[in-house]
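Please look over the sequence and the model below before reading on, and keep both in view while you follow the points.

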Amino acid sequence: MQTITLNNGVEMPMVGLGVFRMTGDEVRAALPVALDAGYRLIDTAALYGNEEAVGEVIAASGLPRDELFVTTKVWYRDFGRDATLRAFEKSLSRLGLDHVDLYLLHQPFNDCYGAWRALEELYGQGVVRAIGVSNFMPDRYFDFVVHNDVTPAVNQCEVHPLHQRGDLHEITRQHGTVLQAWAPLAQGRSEIHGSPVLRKIAERHGKSVAQVMLRWLVQRGISLVVKSTHEARLREKPGCLRLRTDRGRDVGHRCPGRAQTERGHDPSRSAAAGVPARQIPLIPSPQSWSTRNQAALPQSWLSRPASP
């Protein structure tokens, strides 16, 4: 599995399985399939209520602990130094582990600064290998970076062609934080999976639209977590790592009047994801599509901003 290096030198898989809204039984059924298919990053959270099931599957897998990358998150109601430390101990107990690889603040609410102090302590103790945040938009992220000693290793947010997050991608890269996408397939929304542009690309490469969307993220240096309880889909998604495009032509049209770099993307820095700069794809934002390719796209795309 391809990896990306975090700002503290820890290697994190580019693609992982998220277990949001999975019941314990669904986790016990889907996670072994994912591990067999090659997934090594597992993304859960205290809020999901399935950390115990994740721990059970890990224990039964027989895989060496150092081959797995386990992420969990603390919910904002447990923010504040002491409350966050207690919440971490509960998560660790439910997972049945002696450490987690990545611990995230789930939302930018409540006493997130006190919670971050707790994460810094846990990081210093070695019980978490890296710490980060989730759902921090550019303003909250920047304020957080300049007022804390440890820069988040990861910022996990919704990212896909309808929410491209160019500004967020740029500012996180400037400060050494990896952007990680949740809902990288836009939660299955038909207006994107039925896009003629993406379907044409997929047919050209003999891949699915889902694989094209995931590869677009990976080639931008964005890690991602996917969710599925279907075996065929779980086994399909890692195929995005074997997809290569040629100078971006295969993954969407260039925007008129734009330079060869999308705002928020510097191809010269794509080496962090192990992808030559010429292979970075550029999918124009829905705003750009509305002025040059209206006939080819569903009308619902034309009124959607690139970011909420």
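With which side chain does the side chain of aspartate 43 make a polar contact? The partner is the side chain of glutamine 156, and the distance between the two is 3.0 Å. Please bear in mind that this is a predicted model, in which eight strands close into a barrel.

**The barrel**

- The strands of the barrel follow one another in the order β3-β4-β5-β6-β7-β8-β9-β10, and their pairing is parallel.
- On average, and with direction ignored, neighbouring strands of this sheet are turned by 25° against each other.
- Strand β6, which covers residues 102–105, pairs in the parallel sense with strand β7, residues 131–134, over three bridges, and tyrosine 103 has isoleucine 131 in β7 as its bridge partner.

**Strand β10 and its two partners**

- On one side of the pairing, strand β3 (residues 15–18) runs parallel to β10 and is joined to it by three bridges, with glycine 16 standing opposite valine 225.
- Strand β9 (residues 178–182) also pairs with β10 in the parallel sense, over two bridges, and here glutamine 180 has serine 223 as its bridge partner.
- In a regular strand the side chains alternate between the two faces of the sheet.
- In β10, Ser223 and Val225 point one way while Leu224 and Val226 point the other way, and all of them are buried.

**Two buried residues**

- Aspartate 43, whose polar contact opened this briefing, has its place in strand β4, residues 41–43.
- Aspartate 43 counts as buried because its relative accessible area is 2%, which is under the cut-off of 20%.
- Alanine 118 lies in helix α4, which covers residues 112–125, and it is buried because its relative accessibility is 0%.
- Although alanine 118 and alanine 83 are 35 residues apart along the chain, their C-alpha atoms are separated by 8.7 Å.

**The largest pocket**

- Rolling a probe the size of a water molecule over the atoms shows where empty space is left.
- The largest pocket has a volume of about 840 Å³, and its lining is made up of 30 residues, of which Phe20, Ala183, Gln187, Val226 and Lys227 lie nearest its centre.
- The elements that give two or more residues to this lining are β10 (223–226) and α10 (231–236).
- Sorted by class, the lining of the largest pocket has 12 nonpolar, 12 polar and six charged residues.

Key:
Residues numbered from 1 in each chain as written. Predicted model: local features only at pLDDT ≥ 70, side-chain atom pairs only at ≥ 80, totals over all residues. Heavy atoms only, no water. 1 Å grid on protein atoms, 1.4 Å probe; cavity = no way out; pocket = protein on both sides within 12 Å on 5 of 7 lines; lining within 4 Å. Points joined across faces, edges and corners; volume = space filled by probe spheres on them. Helix = DSSP H or I, 4+ residues; strand = E, 2+ residues; numbered from the N terminus. Nonpolar A, V, L, I, M, F, W, Y, C, P; charged D, E, K, R; others polar. Pairing = 2+ DSSP bridges. Axes fitted to C-alpha atoms, helices over the stretch in contact; angles between N-to-C directions. Buried < 20%, exposed > 50% of the residue type's maximum accessible area, 1.4 Å probe, protein only. Polar contact = N/O pair within 3.5 Å; in protein donor to acceptor, adjacent residues only side chain to side chain.
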